Amino acid sequence: MEHSKKGRARRRNPMDPTVEGKRRATIMKRVHMARKRGERIQVTFDEKGQPEGNHGDELMSWIVVLARENVPIWIQDWKSRDLDGLKEIIWKETVTSFTVKESFRNTCLKSCGEAARNFRYDLYKTFVEEFINEESVWTRSEKVIDNYPNIEEEDWMKFVQYRTSSQFQQLSDRGSEIRTNNEYSSRGGRDGYRKLDQEMFKKNGKWERRDGLWLEQQTGPDGELKNPACKNASKLIVEYNTQESQGTFESVGTNDVLSQALSRPEYKGCVRGQSKFVKPSQYFNLSRSSNKDNEVQSMRREIEELKALVRSLCANRDVEPSVDPKNVPTVDQHNSFKASCSAQEK
């Protein structure tokens, strides 16, 4: 193990799990002491799969520390298969410190990738962008060495080389353009929707719908929405909620109040207005059985509408229907969604 000018131990290889970093013990002292005793911190999850309480906060902070200490700052693509070994190390480090199920693995690694990306962004903004035309930018500053002793000189040079390249500049310009055009950017900070969702659940005794949660996050400390686009979306949300209560609008799957108000399709793999722990299949209930139930309900409504139409036509002509609409077979009287030939003849 090498030592920095300040005499602090640094990990020689970011992918080597055998060397314990000094900064981790300082930042996460409680977790570090539990590991020394061979104990794991008990984490509970709410019914949405979100870690809750102080232990849940510690888990998410631990993932951030793992990202800073283990993920090399020169990495560009977190999804690369070359990083499978590193991801396995991070997951083992997590389950060694916290009681989490295997189902949490993907979310854990996704959170780690996000934390590593945010860390690289902070490094660039703080130590590179302002000094990009100076020769000193290629060498770690005293602040970098002091605050992030795990960053090696070689890693720093790779990081600066990529961040000063035309390839990165093109991606940066594209990202800036997307952020500029995004009228509904998140205001949740590090805790995001998770803490807000749980706080509102404790306050109201029930889970807030995503349109209400989205509005709450877009609202500033002064109680005002931040821009005209959000104000317009707020009016539409109120309007669609009113229509829904009156029975003139029905939320079905992803076609709900929020999606209609924003007029934007859902992103694959996540739910707008919910934390990253909530999956689309979970929130929208889009399993096969649920789809079949929705289809059955739709057919029931159509049958009732047809019955009412038959009664109305017969009443206008002052005749009795040859078949009483009440005796028309319902969906439940058939084993499949397709009506039999005999039913069609009747």
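The crossing of helices α3 and α5 is right-handed. This comes from a predicted model. Helix α3 spans residues 53–70 and helix α5 spans residues 105–128; their axes come within 8 Å and cross at roughly 60°. That angle makes α3 oblique to α5.

Which residues of α3 meet α5? From α3 they are Met60, Ile63, Val64, Ala67 and Arg68. Their partners in α5 are Cys108, Ser111, Cys112, Ala115, Ala116 and Phe119. By class, this contact holds nine nonpolar residues, one polar and one charged.

Helix α5 also packs against a further helix, α7, which covers residues 153–163. The axes of α5 and α7 come within 12 Å and cross at roughly 85°. Because of that angle, α5 counts as roughly perpendicular to α7. On the α5 side, the contact uses Arg120, Tyr121, Leu123, Tyr124, Phe127 and Val128. On the α7 side, Trp156, Phe159, Val160 and Arg163 take part. Eight of the residues in this contact are nonpolar and two are charged; no polar residue is present.

| Helix pair | Axes come within | Crossing angle |
|---|---|---|
| α3 and α5 | 8 Å | roughly 60° |
| α5 and α7 | 12 Å | roughly 85° |

Next come two loop residues. Arg140 is found in the loop between α5 and α6, the latter being residues 142–147. Is Arg140 buried or exposed? Its relative accessibility is 13%, so Arg140 counts as buried; the cut-off for that class is under 20%. What does the Arg140 side chain contact? It makes a polar contact with the side chain of Glu153, at 2.9 Å. A polar atom of the Arg140 side chain also lies 2.9 Å from the backbone oxygen of Ile151. Glu153 falls within the residue range of α7.

Glu208 sits in another loop, the one between α9 (192–204) and α10 (210–218). With a relative accessible area of 25%, Glu208 is partly exposed. Where residues up to four places away in sequence are not counted, Glu208 touches Lys48, Asp197, Met200, Leu213 and Gln274. How far apart are the C-alpha atoms of Glu208 and Gln198? They are separated by 9.3 Å, and the two residues are ten residues apart along the chain.

Notes:
Residues are numbered from 1 along each chain as its sequence is written. This is a predicted model: local features need pLDDT of at least 70, side-chain atom pairs count only at pLDDT 80 or more; totals for chains, interfaces and linings use all residues. Side-chain values use heavy atoms; hydrogens and water are left out. Axes are lines fitted to C-alpha atoms, for helices over the stretch in contact, and angles run from 0 to 180 degrees between N-to-C directions. Helices (H or I, at least four residues) and strands (E, at least two) are DSSP runs, numbered from the N terminus. Angles under 35 degrees count as roughly parallel, over 145 as roughly antiparallel, 65 to 115 as roughly perpendicular and the rest as oblique. A crossing is left-handed if the near helix is turned anticlockwise from the far one by less than a right angle, and right-handed if clockwise. Contact means heavy atoms within 4.5 Å. Ala, Val, Leu, Ile, Met, Phe, Trp, Tyr, Cys and Pro count as nonpolar, Asp, Glu, Lys and Arg as charged, and the others, Gly among them, as polar. Buried means under 20% relative accessible area, exposed over 50%, partly exposed in between (1.4 Å probe, protein chains only). A polar contact is a pair of N or O atoms within 3.5 Å; within protein, one must be able to donate a hydrogen and the other to accept it, and residues adjacent in sequence count only if both atoms are side-chain atoms.
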